[in-house]
Amino acid sequence: MACRVLALNGSPRGGSGATAQLLSPLLEGMRDAGAETELIPVRTLKLQACTGCYSCWVTTPGRCVHRDGMDRALEAWSRADLVVFGTPVYHGSMTGLMKTFLDRLLPRYDPWLVPSPSAERVTTHPSRTPEPCRMVLVSVCGFPGFHNFDAIVHTFRHIARMHEMDVSGVVLRPFAEPLRLPALRPLFEGYFGTVRDAGRELIESGAISDATRSNLSRDIIPGNLMDKREMANAHWQRPPRSRPRAAAAASGHSPSLSCP
Ligand SMILES: Cc1cc2nc3c(=O)[nH]c(=O)nc-3n(C[C@H](O)[C@H](O)[C@H](O)COP(=O)(O)O)c2cc1C
């Protein structure tokens with residue numbers, strides 16, 4: 001039977017973001033290898049935050065108090081063999097959207113604290129129904145350097161352990177904002193091809209090969225660290241916008257300074 005892949009894009013930018021630029025070739029490679037893929041941009045689910053009421057454990061076991069896109073997402077989660085978590089780095093970790101998604105998985109588990117069957121001294125909650133058994137992390141960030149992913153990789157490895165999932169691979173791209181620019185796309189075609197290879201290998205052999213991993217970690221934007229900082233700063237160096245307060249000050253009125 002074909003491997004069923006559920007991909008989640010936790011970027012608030014959805015399809016126009018850098019995370020989407022990586023998810024697209026990765027899923028293409030997975031489909032080339034025979035997988036069935038489903039992509040959910042988490043922002044479309046319009047998720048309400050977990051309130052920590054534990055109704056899903058006590059009052060209505062398995063059912064959250066909120067009725068929103070999570071109902072649909074949980075059905076997709078139940079069908080998946082492999083989950084791809086796509087998220088940009090926000091403050092060293094995942095976006096609020098992705099975190100809300102993970103929090104809202106709570107109805108899937110029983111409240112009991114039990115020993116993990118696979119990791120010594122680890123405590124976990126038993127799942128009510130079978131879980132996807134593999135995960136892949138896809139992440140992008142704005143700063144140059146792979147060290148910017150240290151915390152998020154650690155976090156997702158911890159989450160994988162809690163959910164009894166194997167981390168089959170990670171696809172990370174620092175200094176990723178240029179990936180969104182259509183004019184620069186030809187520069188990245190080789191890299192997107194490598195991401196496609198990674199997707200294919202994840203389905204065919206269950207892991208990303210050493211050769212592909214080494215290609216994924218290559219620098220794809222010319223220049224050293226200083227050049228990259230200057231490149232990003234040049235992007236932000238825009239003419240100042242006309243702000244209401246500045247405009248008011250210039251016209252002799254400064255409403256915010258005079259309280260009624
Ligand atoms: C609120 C916020 C926090 C961010 N925090 C970080 C950070 O800690 N480290 C970093 O390298 N980039 C950070 N970024 C930059 C994003 O990771 C970067 O813009 C990324 O390319 C966005 O991906 P997307 O287009 O898929 O949304 C942050 C961006 C925002 C909006």
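**Around the ligand**

Biologist: How many residues surround the ligand?
Modeller: This is a predicted model. The closest residues to the ligand are Gly17, Thr19, Pro88, Cys141 and Gly142. They belong to a surrounding set whose count is 17 residues.

Biologist: How far apart are the end C-alpha atoms of helix 7?
Modeller: Helix 7 covers residues 225–236, which is 12 residues. At 1.5 Å a residue, the helix should span 16 Å. The value in the model agrees with that: 17 Å.

Biologist: How many of the 12 residues of helix 7 are buried?
Modeller: A residue needs 20 or more other C-beta atoms within 10 Å to be buried. Helix 7 lies largely in the open, because its number of buried residues is zero.

**Two positive phi angles**

Biologist: Is Tyr54 buried or exposed?
Modeller: Tyr54 sits in the loop between strand 2 (36–41) and helix 2 (70–79). Its phi is positive, about 60°, although Tyr54 is not a glycine. The cut-off for exposed is 12 or fewer neighbours. Tyr54 has 12 C-beta neighbours inside 10 Å, so it counts as exposed.

Biologist: What is the phi of Arg121?
Modeller: Arg121 lies in the loop between strand 4 (114–115) and strand 5 (123–124). With 6 C-beta neighbours inside 10 Å, Arg121 counts as exposed. Arg121 is not a glycine, yet its phi is positive, at about 65°.

Terms used
Residues are numbered from 1 along each chain as its sequence is written. This is a predicted model: local features need pLDDT of at least 70, side-chain atom pairs count only at pLDDT 80 or more; totals for chains, interfaces and linings use all residues. A residue is near a molecule or strand if its C-beta atom, placed from the backbone, lies within 6 Å of it. Helices (H or I, at least four residues) and strands (E, at least two) are DSSP runs, numbered from the N terminus. The expected span of a helix is 1.5 Å times one less than its number of residues.
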